2 protein chains.
Amino acid sequence: MCSCGLEEFVCSQTQETNKIPYDYLSHKEKYERAVENVAVVFKCIHKIYEEMDGSNDAYRDTIVRFLKRTPCNDGSPVAVHILMFLPAILGQASAEQRAQWLPRAINANIIGTFAQDAAAPKPRPARPIDKSRTGLRHAHLVLPFFLNLQTELGHGTFIRGLETTATYDSKTKEFILNTPTLTSSKWWPGGLGHTANYCVVVAQLYINAKHYGIHSFMLQLRDEETHIPLPGVEVGNIGAKFGLNSVDNGFLRLKNVRIPRTHMFMKYAKVLECKDMDSSLLVLEKLKTDPESISRPESEKELDQDPNGKWDWNRGPEVQILDFNTQQHKLLISIATYYAFNSLADELSKVHEEVTLDLQKGSLLRLPELHALACCLKAICSSDTAACVEQCRLACGGHGYMSSSNLPIIYGMATAACTYEGENTVLLLQTARFLVKTWQAAKNREVLMSTVSYFAMFFEFRESFCWENSMDGIMRGFEIVAASHIDKCVKNIEKRMKSGMPYEDAWNLTSIQLVAAAEYTTISKQDIELLNHRYEELLTKIRPNAVGLVDAFDFSDDVLNSTLGAYDGRVYERLMAEALKSPLNAEPVNRTFHTHLKPLMRGKL
Amino acid sequence: MCSCGLEEFVCSQTQETNKIPYDYLSHKEKYERAVENVAVVFKCIHKIYEEMDGSNDAYRDTIVRFLKRTPCNDGSPVAVHILMFLPAILGQASAEQRAQWLPRAINANIIGTFAQDAAAPKPRPARPIDKSRTGLRHAHLVLPFFLNLQTELGHGTFIRGLETTATYDSKTKEFILNTPTLTSSKWWPGGLGHTANYCVVVAQLYINAKHYGIHSFMLQLRDEETHIPLPGVEVGNIGAKFGLNSVDNGFLRLKNVRIPRTHMFMKYAKVLECKDMDSSLLVLEKLKTDPESISRPESEKELDQDPNGKWDWNRGPEVQILDFNTQQHKLLISIATYYAFNSLADELSKVHEEVTLDLQKGSLLRLPELHALACCLKAICSSDTAACVEQCRLACGGHGYMSSSNLPIIYGMATAACTYEGENTVLLLQTARFLVKTWQAAKNREVLMSTVSYFAMFFEFRESFCWENSMDGIMRGFEIVAASHIDKCVKNIEKRMKSGMPYEDAWNLTSIQLVAAAEYTTISKQDIELLNHRYEELLTKIRPNAVGLVDAFDFSDDVLNSTLGAYDGRVYERLMAEALKSPLNAEPVNRTFHTHLKPLMRGKL
């Protein structure tokens, strides 16, 4: 290794002059570009660790320095190998298994990925191993964060629903691995698509037709020489995503794939042969202080809860995730917003027509009002829309991150509107100016324009205002709060000007409050409590009509263009079908295996 | 036209069987796919308008139906032609100009784009024109929203700073158009990159060295036969974006490009020849009731404000946009968050080490605390980080939407973390369970773990708590508010269970509040007021150190990989350099001109 600094080292490894910038590449080309950098990633990790002093923070520092210095701009196909596959071997493999797998994994002779789930045994703090060999001594420090890795197409946070099976065949002393259904296809592991040739698979274990819970198995995916998937192994890329397109997140389907008995991870449990009974036996060797056994039951209670007796993933499309209160909170707000914005658009059109008529009669009176209204509604509608789209996308979990959900593209369009045709903050300040000006008129008891006529009420009824839990009361409440906001801003500006500050400076210092004033969004604390209660009850009432309210938007499947939002609800079939259309999946082995991965695996770093 | 319904018509036009899905394409291929659909877009608009009843809502309905039915999933290269170029001709051109340009634009014989800005004269409500010919009778209804279109690389909402010049040459009766600086390059207009052959350009008008303000001009960009840019016209694509990659947003640089006098938009102002003086004269014909002349000064006041006497775009990189209070509010929060999360990570590592030591001694006591802490921090850190990234991206205006800013890719990575390794809402509910459980212990005056020891304080000092505007006071305030939240949730659950509801249902109905409890984010109203005031003053104090605090993150330019965040601050040079690397810009005319645009322009719809 040269004696130059880390920056220079990384720089010298990653000169990309004359290459087309990443953002212009196709999905397939982005992956290929990332594989070209895989050797650099390994070198950087080794180099950085060399420079560490072996202190307690070594692992975290390595990761931080790695992220600060290494060109993994959009993720890396070997991130899961480094961050999860290696720690899995460290934490779950028996001593013999570790001796067999670890050196090969550390030296990148094999590249792995990791299809674990929350229910599966977690890596435990491992005994420190030889620092100079691995750089992974403190790998366990990062583990508390790996809690709920999604693995199967139809199974995210719900753990016991995992469908992949490992059936022990005592005659051949092998496990037979199967993903018996579409929904049991492994889905998401980074590097699984075309990079990894080994994988940790989590499956339901059966011995003599008896269920023994969930265990981890080391599975070879691809031939080490040709990289061709082994018989019974169907593996590929899950498709374009919102981001992280350097990572070939993959799917995996298994059909009667046999692995030796010794490929079950055996640190905490193993299957032993019992000769006298001609049968097998699962031996569990649990640590007395097993952190997972304490924290996991909590987690399962949470995840398995069945609010209305309907929660059963195995029933497939009938699952009503909307019965969770937190999901209702996320989704019904968006539906309500759609209807509200439609009404607002009608209202604005009406005002626009009225003002146009006024203009033809020579009256300019309501023009500032129209301007303020249009500015405010453009800003609010665009930013709320973007927030709602993102909320809905996140509510879809990992599937919402897939480009084929179309939610990333919809977000890209929605958030653009926050900037074009008038940046939202600038527009809100325009409205704020109108409000401050009109406030003076209201103080002077002048006649006010219709959309701000509630200012008058503030001056008349402010003292006697009493919250009322009705639609009218809610409206009145919003008006009072909005008016109070403006009142406060105006007083603030006046105060600052009295202390000698110029108007524009006072305005600038008050502008955050002013933006809030234009947003109309706050209300007093006890009022919110009452509203909250009412809101929770409304969610339950609206719930049965949620689907109908959305169908009424009347968007066709062709225009929605989403694997998740199609009328027939065949989500999983569509997700898989779109994945299979990826040009990366047109060939079993990507060209970069021969140019970059194979040399790396043969030790030619 | 066939008599089938609109859905079937659109469907028949857009069958894309066997095509590679859009998301897998490169930036260049996405544009080419979009151009293949341009003819369909024109047909749909015509078809939809045919079906309208000519009512007042016709235009809005057309747009809504268009968006609901037409496959413009990621935008269209002719959207600006339809939504802005045509209305500009309708609203700003003289009768003779309209007669000359409108039919050609409507029939797509020419395709235009629009480089207007807020300062330029806006289209006014036009007299209804023959419905059967155009479908644009109500085009003006949409115009109030087109307020601040960004046009030049260095000039967004600041209007008077536009640098493009139109100098009248009275000898040849021509205008000479120039973009004299890099920052005056036109930047953003949709369709400008490779689709449009005409463009409305907004420029500072000079006659005999005298400045006459900002006016619009019709400029031919490309040869109608070959589509090659005309002499002096440098035009191209601005590069990959966060979204809307079907739209070829473009840049335009002009060097002594001459256009005839009659190509200035002459509805409201024209340059006349004054033969007796051998000079020229600008004649302004302002409508008495000109809506823009009333609303625009407001807008300019807003946009031109100079908070500290430093606001001068023309000084280039010295502009300190951070002197705006609203920008400080957006950006300084992110900087503070970075430092806070670093401390949190240290703290969590410490707790993790302590708990690991406890485990080795056989004590499991603090394990649930660590689990709750890790769940909460994973959720809060990932969602706050995503929100901060998006906040910063939006604060960069249009430039933050460019892929070359790297902010879209950073957001893609940040938001992924909200879903992977445990969906955030699920994790927050895990923390909530811990909090509710610990609450019972606190009520029973049991000894509490360190991170929740403040619960005890709530039971002891709740009544006597008094807000104090100090760091300690703020901490105390947060603790009281957090504790009150949990108190309310627990009471809520108990109340619901008393009324006969099972625990899990009561939990589900309370879960929105529970998520909020886990977030620790609220505080009482009057306390917020005091904090707000302090906060505004702190912004001003931190302002001088903002750059230093960010430099201390110590990310190298190579890793940041951003046109906007580079150390030398040469933003505009980098933006243009990255744009020029687009494969679309490698050839002056894209192949789709010959296969799709030219046939369309020759009337072969």
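In this predicted model, A:D487 and A:K491 form a salt bridge whose closest N and O atoms are 2.8 Å apart. Both residues belong to helix α14 of chain A, which spans residues 471–498, and because they are 4 residues apart, about one helical turn separates them.

B:R366 pairs with B:E369, with 2.9 Å between the closest N and O atoms. B:R366 has a relative accessibility of 16% and counts as buried; B:E369 is buried as well, with a relative accessible area of 1%. The side chains of B:E390 and B:R393 also meet in a salt bridge, at 2.8 Å from N to O. B:E390 and B:R393 are 3 residues apart, about one turn, within helix α10 of chain B (residues 367–395). Both partners count as buried, B:E390 at 7% relative accessibility and B:R393 at 1%.

| Salt bridge | N to O distance |
|---|---|
| A:D487 and A:K491 | 2.8 Å |
| B:R366 and B:E369 | 2.9 Å |
| B:E390 and B:R393 | 2.8 Å |

Over all chains, the structure holds 40 salt bridges. In chain A, a network of salt bridges links A:K19, A:E32, A:E36 and A:R591.

A:A108 is not a glycine, yet its phi is positive, at about 60°. This residue, A:A108, sits in the loop that runs between α6 (95–106) and β1 (112–115) of chain A. A:A108 has a relative accessible area of 0% and is therefore buried, the cut-off being under 20%. A positive phi, near 55°, also occurs at B:R445, again a residue other than glycine. In chain B, the loop between α12 (424–443) and α13 (454–461) contains B:R445. With a relative accessible area of 56%, B:R445 is exposed.

The overall make-up of chain A gives the setting for its local features. Chain A contains 20 helices and 11 strands. Of its 605 residues, 57% count as buried. The accessible surface of chain A amounts to about 25,600 Å², and carbon and sulfur atoms contribute 57% of that area. Among contacts in chain A with a separation of 6 or more, 70% are made by residues 24 or more positions apart.

Conventions
Residues numbered from 1 in each chain as written. Chains lettered and ligands numbered in written order. Predicted model: local features only at pLDDT ≥ 70, side-chain atom pairs only at ≥ 80, totals over all residues. Heavy atoms only, no water. Helix = DSSP H or I, 4+ residues; strand = E, 2+ residues; numbered from the N terminus. Buried < 20%, exposed > 50% of the residue type's maximum accessible area, 1.4 Å probe, protein only. Contact = heavy atoms within 4.5 Å. Areas by Shrake-Rupley, 256 points an atom, 1.4 Å probe, with all protein chains shown as cover. Salt bridge = Lys/Arg side-chain N within 4 Å of Asp/Glu carboxyl O.
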